[in-house]
Amino acid sequence: MSTIEMRLQAVWDRIAQAAAAAGRQPGEIRLIAVSKTFPAAAVSECMAAGQHAFGENYAQEGVDKILALAALQSSNVAAESSRGTGDLDRPARPEWHFIGPTQSNKTRLLAQHFSWVQSIDRLKIAQRLAEQRSADLPPLQVCVQVNISGEPTKSGVAPDQLLALVEQVATLPRLTLRGLMAVPEPTPGDTAQRQQLRRLRELKDELVDRGFALDTLSMGMSDDLEIAVAEGATMVRVGRAIFGERR
Ligand SMILES: *Cc1c(COP(=O)(O)O)cnc(C)c1O
């Protein structure tokens, strides 16, 4: 097994164990492999090991990789069919999630190339995505990013502005609002970390109580995925534990 394959298997095992410990089914938690800074070849290797969903932080880097990977896959498929091996084991196209800071001048790239944008933090970005998402594509799946730690430099809407933003995003065409995402402040010890993750879950539950059909709680990374699963994460975004340390 390659290193990526072994690490991926270890992350799946961690998710399964955390789910079991929390009395949840492992299938309730989706893994997003965060491939930022790693090349398309690493994504391809990860797909060959069975991983389907990938996350990127920078719009241009993400789109370059999406296109490189599509080219790589079509040349693999062409090579297979010229050898007479069928399409049967052709890997499905990967599902791409944008998880990085959003900029107005990059929304068109996101609307054209990604399936999900998890990091909506202001109305203007959501409006641009709604305008720019082509009617030929399925609706863009979106999450609102919440600044649960209150750090001034962190992306995300403040919890007291969340309801107003969610109400507006939910009405936009071409977008499907799925839930909330957060990047907690790294804290020494689990307790403070857990409190931040729990806060995100409570915010989502409050919105569901108000009638918003949200099914996604995107939280948990390489270092805190077990706590996130215990606190109700439905998506964990894991980079280093799969691809190795970033330069
Ligand atoms: C980089 C990143 C991750 C993955 O972090 P790791 O510590 O490498 O697992 C997850 N979410 C976001 C928003 C990121 O920027």
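Helices (H or I, at least four residues) and strands (E, at least two) are DSSP runs, numbered from the N terminus. The model you are looking at is predicted, so local features need pLDDT of at least 70 and side-chain atom pairs pLDDT 80 or more, while totals for chains, interfaces and linings use all residues. Residues are numbered from 1 along each chain as its sequence is written, and side-chain values use heavy atoms, with hydrogens and water left out.

**Exercise 1. Two loop residues**

Find where Arg174 and Thr37 lie, and decide how exposed each one is.

Step 1: Arg174 sits in the loop between α6 (159-169) and β6 (175-181). Its phi is positive, near 70 degrees, although Arg174 is a residue other than glycine.

Step 2: Thr37 belongs to the loop between β1 (30-34) and α2 (40-48). Thr37 is not a glycine either, and has a positive phi of about 75 degrees.

Step 3: Now apply the cut-offs: buried means under 20% relative accessible area, exposed over 50%, and partly exposed in between (1.4 Å probe, protein chains only). Arg174 has a relative accessible area of 25%, so Arg174 is partly exposed. Thr37 is partly exposed because its relative accessibility is 30%.

**Exercise 2. The buried face of α2**

Which residues of α2 are buried, and what do they pack against?

Step 1: The buried residues in α2 are Ala40, Ala42, Val43, Cys46 and Met47.

Step 2: Seen down the axis of α2, these residues fall within an arc of 160 degrees, so they line one face of the helix. The arc is that of the directions from the helix axis to the C-beta atoms.

Step 3: The buried residues of α2 pack against α1 (3-21), β1, β2, α3 (59-82), β3 and α9 (240-243); contact means heavy atoms within 4.5 Å.

Step 4: After α2 comes Gly50, with a positive phi near 110 degrees.

**Exercise 3. The neighbours of β3**

Work out which strands pair with β3, and how the chain gets from β3 to β4.

Step 1: Two strands pair if DSSP finds at least two bridges between them. Strand β2 (residues 53-56) is joined to β3 by four bridges, and the two run parallel. Phe54 stands opposite Trp96 in β3.

Step 2: β3 and β4 also run parallel, joined by two bridges. Phe98 has Val117 in β4 as its bridge partner.

Step 3: From β3 the chain passes through helix α4 (residues 107-113) to β4, in a right-handed β-α-β crossover. Right-handed means that, with the strands pointing away from the viewer, the path from the first strand over the helix to the second runs clockwise.

Step 4: Look at the faces of β3 (residues 95-98): Glu95 and His97 on one side, and Trp96 and Phe98 on the other, are all buried.

**Exercise 4. A serine in β4**

Is Ser119 buried or exposed, and what does Ser119 touch?

Step 1: Locate Ser119 in strand β4 (residues 116-120).

Step 2: The relative accessible area of Ser119 is 1%, so Ser119 is buried.

Step 3: Not counting residues up to four places away in sequence, Ser119 touches Phe98, Ile99, Gly100, Thr102, Cys143, Gln145 and Met181.
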